[in-house]
Amino acid sequence: MNDKRYFIELTDYEYSLLNNNEMISMLCERYLKSVTRHDDTVELSLTLKELEDLTGYVAAESNHASTRRKQDELGAICDYFESEVSSIKREQL
């Protein structure tokens, strides 16, 4: 099992969106607590498996968001996470 940690940077606003989403914060509490704060960003420290899990939950919540704005915002975060997952997997080849 690969326990290598990857650092995923989010804005404070993006991080608050994830934390304030009841389902994401409940299911991914441990992932969201692995945070280092910087000036106006936060950095999550996650394994590839954790990042893939978080990506799936964000995608699901984006698809079931109550407003178009939340759907778009969560969708953008999901796209970013998917890009990071792809990049990590390419590096592993």
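Student: Leaving aside its neighbours within four places in sequence, which residues is T55 in contact with?
Tutor: Happy to start there, keeping in mind that this is a predicted model. T55 has its place in helix α4, and it is buried, with a relative accessible area of 8%. Beyond its neighbours within four places in sequence, the residues in contact with T55 are C78, F81, E82 and V85.

Student: T55 has a polar side chain atom, so to speak; which residue's backbone oxygen lies 2.7 Å from a polar atom of that side chain?
Tutor: T55 is buried at 8% relative accessible area. A polar atom of its side chain lies 2.7 Å from a backbone oxygen, and that oxygen belongs to L51.

Student: Are the buried residues of α4 on the same side or on opposite sides of the helix?
Tutor: The buried residues of α4 are L48, E50, L51, L54, T55, V58, E61 and S62. Around the axis they cover an arc of only 150°, so they sit on the same side of α4.

Student: And what covers those buried residues of α4?
Tutor: The helix itself runs over residues 48-63 and reaches 22 Å from its first C-alpha to its last, close to the 22 Å expected. Its buried residues include L48 and L51. What covers the buried residues includes β1, α1, α2, α3, β3 and α5.

Student: Where does I88 lie, and how far is its C-alpha from that of L48?
Tutor: I88 lies in helix α5 and is buried, with a relative accessible area of 4%. Leaving aside neighbours within four places in sequence, I88 is in contact with Y6, L48 and L51. I88 and L48 are 40 residues apart along the chain, and their C-alpha atoms are separated by 7.7 Å.

Student: How many disulfides does the structure hold?
Tutor: Let's check the cysteines. C28 is buried at 0% relative accessible area, and C78 also counts as buried, at 5%. The number of disulfides in the structure is zero.

Student: Which helices does the salt bridge between R30 and E50 tie together?
Tutor: The closest N and O atoms of R30 and E50 are 3.2 Å apart. R30 counts as exposed at 57% relative accessibility, whereas E50 counts as buried at 10%. The two residues are 20 apart in sequence, so the bridge ties together parts in helices α3 and α4.

Student: How far apart are R69 and E73 in terms of helical turns?
Tutor: R69 and E73 form a salt bridge, with the closest N and O atoms 3.0 Å apart. R69 counts as exposed at 57% relative accessibility, while E73 is buried at 17%. Because they are four residues apart in helix α5, their separation is about one helical turn.

Student: Which residues do salt bridges that share partners join into one network?
Tutor: A search of the whole structure finds eight salt bridges. One of them is the pair R30 and E50. Through shared partners, salt bridges make one network of R5, R30 and E50.

Terms used. Residues are numbered from 1 along each chain as its sequence is written. This is a predicted model: local features need pLDDT of at least 70, side-chain atom pairs count only at pLDDT 80 or more; totals for chains, interfaces and linings use all residues. Side-chain values use heavy atoms; hydrogens and water are left out. The expected span of a helix is 1.5 Å times one less than its number of residues. Buried means under 20% relative accessible area, exposed over 50%, partly exposed in between (1.4 Å probe, protein chains only). The arc is that of the directions from the helix axis to the C-beta atoms. Contact means heavy atoms within 4.5 Å. A polar contact is a pair of N or O atoms within 3.5 Å; within protein, one must be able to donate a hydrogen and the other to accept it, and residues adjacent in sequence count only if both atoms are side-chain atoms. A disulfide is a pair of cysteine sulfur atoms within 2.5 Å. A salt bridge is a side-chain nitrogen of Lys or Arg within 4 Å of a carboxyl oxygen of Asp or Glu.
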